[in-house]
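Please read each point with the structure in view.

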Amino acid sequence: MTRQGTTVGLLHPGSMGAAFGSQLTARGITVLWCPDGRSEASRKRAEHAGLKPASLPSLLDHADILLSLCPPAAATEIATLVASHGFAERTYVEANAISPERVKRIAALLPGTETIDASVVGSPPVGGKTATLYLAGKQTHSETVESLFTGTDIRTRTLGTEVGAASALKLAYSSYQKTSRVLAALAYGAAQAHGVGEELLAIAGKRTSSYLTETGYITKTAARAWRWGPELSDAASLLSDAGLPDELMLAAAATLERWATARDTPLSVEEALALLRRDPDDG
């Protein structure tokens with residue numbers, strides 16, 4: 001099937017998924033999404049990206065390739081829904097930030113489907129920004145997915161045929177990138193509580209690069225904690241499976257849980273730090 005004749009199903013278009021969908025529709029590729037149970041914000045993103053609404057059964061009947069880009073905690077649930085309907089002899093791109101073992105379990109849920117392990121590194125590809133889509137799985141199917149994004153702001157890189165490789169790369173990167181921001185927030189909060197927050201920033205500012213100098217990331221991290229927490233929990237599984245200590249990653253995930261009420265909410269630095277501080281009455 002030629003690229004122009006390929007229909008892609010997108011499950012579910014958050015900011016990253018909608019941006020990926022927009023890159024595809026700009027190439028004339030039909031991208032379906034399911035609006036059932038989705039928020040008004042999701043509907044607006046999908047409409048802006050040029051995605052076509054469809055019921056889930058219709059989407060699964062007509063899509064040649066399914067792209068799963070959702071919060072990590074929902075990845076297995078979505079794959080189970082797809083499996084219950086059936087998606088045989090087509091391609092399922094599992095592009096969520098989950099552990100290699102979860103990817104393999106999802107592939108087992110879809111025995112008649114070719115599952116491509118994928119991961120995204122970078123910002124949503126809008127406004128000139130680019131992202132890289134890493135792929136691992138059967139070569140012919142990976143090449144088909146690569147061809148979809150030719151000429152777009154999404155770079156692709158194949159990591160071989162071993163399912164799990166792309167997810168391992170993503171979580172290895174996330175374990176540093178996201179945890180370092182959590183640690184920066186804690187360090188700044190501790191220094192600020194003792195009146196030396198500005199001194200800490202001055203020390204960090206002497207280095208060429210440090211999240212400690214970018215206090216704006218504290219509020220951004222708080223708003224994204226609902227997605228990052230489950231991702232770091234899976235990163236802990238990645239470390240444990242490799243025989244490495246997972247306590248730091250689990251602690252970072254637990255810290256992010258304190259920001260659970262800040263989902264996609266604009267906060268000040270003080271408001272974000274207040275959510276991290278334990279109430280003495282809580283012990």
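1. Helices and strands are named here as DSSP runs, a helix having at least four residues and a strand at least two, and they are numbered from the N terminus. With that naming, helix α9 gives the most to the lining of the largest pocket, with nine residues. The model under review is predicted.

2. The largest pocket has a volume of about 1,200 Å³. Its lining comprises 40 residues, and the closest to the pocket centre are Ser15, Met16, Pro124, Arg227 and Trp228.

3. Which elements each supply at least two residues of the lining of the largest pocket? They are α1 (15-25), α2 (40-49), β6 (114-122), α7 (165-193) and α9 (216-241). In terms of residue class, the lining of this pocket holds 16 nonpolar, twelve polar and twelve charged residues.

4. A pocket is open, whereas a cavity is a space where a 1.4 Å probe fits but cannot get out. How many cavities of 30 Å³ or more does the model contain? The count comes to two.

5. The largest cavity contains about 50 Å³ of space. Its lining is made by Arg181, Ala184, Ala185, Tyr188, Tyr211, Leu212, Glu214, Thr215, Tyr217 and Ile218. Both α7 and α9 supply at least two residues each to this lining, and the largest share, four residues, comes from α7. Sorted by class, the lining of the largest cavity has seven nonpolar, one polar and two charged residues.

6. The second largest cavity holds about 40 Å³ of space. Around the second largest cavity lie Val8, Leu24, Ile65, Leu67, Val93, Leu133, Val145, Leu148 and Phe149. Two or more of these lining residues come from β4 (65-68), and likewise from α6 (139-148). Is the lining of the second largest cavity nonpolar or charged? It has nine nonpolar residues, with no polar and no charged residues.

Note on methods:
Residues are numbered from 1 along each chain as its sequence is written. This is a predicted model: local features need pLDDT of at least 70, side-chain atom pairs count only at pLDDT 80 or more; totals for chains, interfaces and linings use all residues. Side-chain values use heavy atoms; hydrogens and water are left out. On a 1 Å grid over the protein atoms alone, a cavity is a set of points where a 1.4 Å probe fits but cannot get out, and a pocket is an open set with protein on both sides within 12 Å along at least five of seven lines; lining residues have an atom within 4 Å of a point. Grid points are joined across faces, edges and corners, and a volume is the space filled by probe spheres set on the points. Ala, Val, Leu, Ile, Met, Phe, Trp, Tyr, Cys and Pro count as nonpolar, Asp, Glu, Lys and Arg as charged, and the others, Gly among them, as polar.
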